[in-house]
Amino acid sequence: MKALWITWEVQRRNRSMATALNASYFEFTTSKKGVLRYAELTLKTIKLLYNEKPDVVFAQNPSIVLAFLVVTFKRIFGYVSVVDEHNAGLFPLEGRSIFLKNIARWIVSNSDIVVVTNEPLANMCLEWGGCPVVVPDPLPSFDTKKRYTRIGNKLTLLFICSWAEDEPFYELLEAASMLDSEKYEIRITGRPPNGIEDKCPESVTLLGFVSDEGFISELFGSDAVVVLTNRENCLNCGAYEAVSAGKPGILSNTLSLRNYFHKGFLFTDNSPKDIRRNIEILGSDLVVHSKALENLKGSLVELEAAALDKLKAAVRSKYESSSN
């Protein structure tokens with residue numbers, strides 16, 4: 001089978017999934033905005049489908065436009081469509097737009113296979129008429145031969161943040177204001193919204209946009225990570241990156257996160273006081289949590305392999321049935 005993986009975003013899961021599934025990887029981006037962006041990327045995608053004539057096409061959602069295109073054009077080009085559904089793809093604009101919500105459901109019900117990261121999302125896709133397969137993120141591969149310098153002499157935490165609506169970053173900043181800046185430093189990734197700098201206490205360093213190599217240096221140079229979300233059924237990419245790098249941390253206290261990342265992490269209710277409390281607890285037991293994380297990594301590698309085998313079997317079955 002000739003398989004393509006198409007994305008209109010830069011994200012580590014896309015690359016690792018494409019590699020694991022032996023799919024040719026196409027990452028289309030542009031500096032254009034709005035309608036011009038969608039027009040350019042749509043033309044690139046259609047041209048790729050026409051030229052490559054694939055048997056299977058994997059597409060990330062978001063972008064909801066990309067997912068819609070891939071599902072729509074499968075009838076023209078005759079491939080099996082597989083949409084990798086992220087929470088923002090299943091619930092565009094946090095579910096506020098009825099139009100986009102209907103499009104999201106149409107994509108799920110009309111794609112040959114949808115990939116989600118956990119069982120609750122799979123059950124929801126089943127209710128929408130979809131064919132879901134659960135595949136958590138493959139643990140990313142980092143160059144362990146390269147030596148990274150530890151950042152500073154304080155307990156340094158990397159808050160892996162995109163400043164998205166589902167991330168309680170204001171609560172994190174308030175928690176940081178309660179910490180002793182002589183003992184703790186919280187370094188935050190991503191481009192913050194305007195006015196955030198004025199709300200940052202001394203213990204916080206805003207990194208802004210960091211390159212991939214810069215992010216890896218920050219990750220390995222930190223003692224631990226913080227990754228937070230208000231979404232109940234979301235397995236954060238930053239948590240997988242932390243496991244792969246051997247960094248314990250603090251995650252939001254949701255059932256999905258507790259069940260999957262069940263060793264090496266503390267779980268917070270996203271209130272400033274509880275975030276601060278967990279940071280202090282983590283700092284006092286860092287070695288214990290680091291050792292626990294090593295055991296978690298081994299079990300996640302096994303789960304990942306089994307999930308990918310299941311997805312490969314499902315894709316092959318769809319392809320063989322469509323070829324007959």
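Buried means under 20% relative accessible area, exposed over 50%, and partly exposed in between, with a 1.4 Å probe and protein chains only. The model is predicted, and local features need pLDDT of at least 70, side-chain atom pairs pLDDT 80 or more, while totals for chains, interfaces and linings use all residues. Residues are numbered from 1 along each chain as its sequence is written, and side-chain values use heavy atoms, leaving out hydrogens and water.

**Exercise 1.** State which burial class F261 and F265 belong to, and how their rings are arranged.

Solution. Step one: F265 has 6% relative accessibility and is therefore buried. Step two: F261, at a relative accessible area of 0%, is buried. Step three: rings of Phe, Tyr and Trp (its six-membered ring) pair if their centres lie within 6.5 Å; planes under 30 degrees apart are stacked, over 60 edge-to-face, the rest tilted. This rule gives 13 aromatic pairs. One of them joins F261 and F265, edge-to-face, with 5.7 Å centre to centre and 70 degrees between the planes. Step four: one aromatic cluster holds F261 and F265 together with Y240 and Y260.

**Exercise 2.** Find the rings that R37 and K53 sit over.

Solution. Step one: the criterion is NZ of Lys or CZ of Arg within 6 Å of the ring centre and within 35 degrees of the ring normal. Step two: R37 lies over the face of Y38, 5.4 Å from the ring centre. Step three: the charged end of K53 is over the ring of Y50, 4.6 Å from its centre.

**Exercise 3.** What share of the 324 residues of the protein chain is buried?

Solution. The share that counts as buried is 53%.
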